[in-house]
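Subject: Structure for your review

Dear colleague,

Please find below the structure that I am handing over to you. My findings follow it, and I would be grateful if you read them with the structure open.

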Amino acid sequence: MKRVTSLALLVAVALAVFLAAPAVAQQKVVKIGDLGSKVGVFEGYGKYQSMGIQLAVEEINAKGGVLGHKIEVIAEDDDTKPAPAVRKAEKLILQDGVKLIIGAVSSGSTMAVMDVTKKYKTIHWNSVSCAEFMRTTKFHKYYFSNQPDSRQQANGLAKYILDKMGKKVYIFYTDYAMGQSDGRQFKTALERLGGEVVGVAGAPLDTKDFSPWFGAINASGADVLFLAFAGTDSLRLMTQLHSFGMTKKYKLAGIDCFLLQQDLAAIAEPMEGFVQLNHFSAYNPDPNMQAFNQKFKKKFGVDANIAAGAYDAVYFWKTAVEKAGSFDSDKVSAAHEGLCTDATHIGRQCIRTEDHQVVMDMHLYRVEKGKNIPIARIDGKDAIGAAMVGQDPLKGFTWEIKKK
Amino acid sequence: MSRTLGWRAAPVFAALAALPAVPGMTDYYLLLAFDALLFGAVAMSLDLLIGYTGLVSFGHAAFFGLGAYATAILLERGILSLWASLGFAVVIVGLYALVVSYFATARRGIYFALLTLVFAEVVFTFFRYTQTFGGSDGIQGVPPPELLPGVTLDTPMRNYYLIVVYLALAWAACRVLVGSHFGKVLVAIRENEDRARFLGYNVQRYKMAACMISALLTGLGGALYPGRAAFATPDLLLWTVSGEFIIMVMIGGLGTLTGPVIGGAFFIVLQEKVSSYVDWYFIVIGAVLILIVLFMPKGLLGLRRLLGARPWRATA
């Protein structure tokens, strides 16, 4: 009897395995790449990018995946440098066979990766980097971005600063692709609206001591300090500005990725009153934004932030793949163009056909007690500016200070 | 070059040539092999200075980066000939190396290292802040070079064979050099500079020559890089890259030529593979380096001793 039971059990297991085998075999997988800074000066952005991707992928997989394929994410650290970023992008595409790359975090790396995604015809979404070259001279048909670039941010910020904060502005930026780009575009936008740039200076990425620049800032007669820094650079800069009494002396404004919400609480006092433009805040009462924040917080135990962009990028790609009915990059690229989605954290978002930049509303926020509180909403169409694919965004630009 | 060494190297290069035919060899692995062999070759040329002459250069990234910029500048302007790029790199790197080596070799020990570092930082700063060459973004998106009119180096396979040929030629040149009277004098300088001078050798001239040869080989390696990566950025000139080159030499084994090639390849592959699994990969790499320094002071090539083979460390 014991032998019969064992035999039956064996047959049952074999049958179960046999029946389950086709189901397992049907679990087709499509891979996507998450490329960015996982350590170093931009670590926070890279890690939140990964969290945004993970959240979207888990949701999509729970509903059956995309075109019957489960999505598998392969994350790679680019060391915040172009050379490793290129090597990792090649690995993701040529070795892992990813159909989508999201990244990188640093603008310099993202631009280098764009050459790889162009060469190997791979869909490439950028949800953090903001240099102005990516939708102009570097643009290619497989590249898409839902990160407001420098021009969008400058257009959104400059008017508010002139109207509410002051006309004399000192531009202080991190001296590499992103900061230079933000500084240039902000200077252009401010001067176009009649504002006066009274000084500009760039500090190298990962600067430890900013005080050598403070003398020039104090001598400039500025009303407003426009700060184009990110990550740990921003933390150090604000701490040092505060210790020199300059956070009280000047009105402060900055770019969208100046500091993550999670970092604000630690330096709430120096950041008090700081104005920045962003597309997400956990303290925005907007129902869409709160809905996104709740599910993000439920999953990771922390508030969402810039990660919302990476989350949306996955959904845009998924929708485009389903629209194309294929993972073929040419078809998926074409399917992206003009694609709109309504249920995002910022409401309606549309991919502009000409330069593949997402048109979306943004908010101006003021930091109050360590929280980004919304003070104005900027219509996406007002900020995005004309498509300039293939045109040099630096044409006619000069850092020269025009004295009034 | 001794016949023994030549014959010993032949199967290695034959194996490298056959690598693309290995089952499972993808384009990605060919590109990784390109990087491994390129940086291995650069480490080998640095070994001429560190291992044979006893001069530690903290500025080799400048030679590499200048070579890369020389190619990128031409490619960006539509001059696609690989030979033009290599020629331009030789001129640019050669002129820079002449200045650096003249001043740096006039000093000994730490001063040589510091001067190479300072010169390299000047070059780094120049390219970082000169918008004509792209500033901090560098020159990006350059087209692939042409070996001959119509023969574009646009595939991982072609680039791989290019780097194998470069490595073979550079290795042969280095072997001939260290086996010659000139090479013996370099080793003599490393062992006792005063005695070499006392014997009538113009020590600075020998050191300058070693520095120039090492710089030119490194610059030529750099000149091949944009054809594979499509960019040249200031990061390539940074002192941390010079530090990595030194680490590659240390890993492989000082004064062996072959060791640094292995060290360079090992470093690149280790960095690439470990960073795919852990965010804090540099800690793993650091631990591996510490272990190698502590337990294999002669580098990876020192393992040969354990296997009973004759060490290759150069002696005067």
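Strand 4 (residues 123–126) and strand 5 (143–145) of chain A pair in the parallel sense, and three bridges join them. One residue pair in this pairing is Asn126(A) and Ser145(A), the latter lying in strand 5 of chain A. Please bear in mind that this is a predicted model.

The two strands belong to an open sheet of chain A, in which five strands follow the order 2-1-3-4-5 with parallel pairing. Which strands stand at the edges of this sheet? They are strand 2 and strand 5 of chain A; each has a single partner strand, so one side of each is left without a neighbour in the sheet. On average, and with direction ignored, neighbouring strands of the sheet are turned by 25 degrees against each other.

Helix 4 of chain A lies across strand 1 (28–36), strand 3 (100–102), strand 4 and strand 5 of chain A. Relative to strand 4 of chain A, helix 4 runs at about 165 degrees.

Chain A is divided into domain 1 (28–148 + 286–360) and domain 2 (151–278 + 363–383). The centres of these two domains, taken over C-alpha atoms, are separated by 27 Å. Their contact takes 20 residues from domain 1 of chain A and 23 residues from domain 2 of chain A. On the domain 1 side, helix 2 (43–62) and helix 4 (107–119) of chain A each supply at least two residues. By class, that side of domain 1 has 13 nonpolar, five polar and two charged residues.

The contact between the chains takes 22 residues from chain A and 21 residues from chain B. Which elements of chain A give two or more residues to the side that touches chain B? They are strand 2 (69–77), helix 3 (82–95), helix 4 and helix 6 (177–192) of chain A. The largest share, eight residues, comes from helix 3 of chain A. The residues on this side of chain A divide into nine nonpolar, three polar and ten charged.

Finally, some words on confidence. The predictor gives the complex an ipTM of 0.81 and a pTM of 0.85. Chain B averages a pLDDT of 90, and 94% of its residues score at least 70. Where pLDDT is low, the predicted coordinates should not be read in detail.

Yours sincerely,
A colleague

How values were computed:
Residues are numbered from 1 along each chain as its sequence is written. Chains are lettered from A and ligands numbered from 1 in the order in which they are written. This is a predicted model: local features need pLDDT of at least 70, side-chain atom pairs count only at pLDDT 80 or more; totals for chains, interfaces and linings use all residues. pLDDT is the predictor's confidence in each residue, from 0 to 100. Domain bounds come from an automatic or database domain assignment. Two residues are in contact if their C-beta atoms, placed from the backbone, lie within 7 Å. Helices (H or I, at least four residues) and strands (E, at least two) are DSSP runs, numbered from the N terminus. Ala, Val, Leu, Ile, Met, Phe, Trp, Tyr, Cys and Pro count as nonpolar, Asp, Glu, Lys and Arg as charged, and the others, Gly among them, as polar. Two strands pair if DSSP finds at least two bridges between them. Axes are lines fitted to C-alpha atoms, for helices over the stretch in contact, and angles run from 0 to 180 degrees between N-to-C directions.
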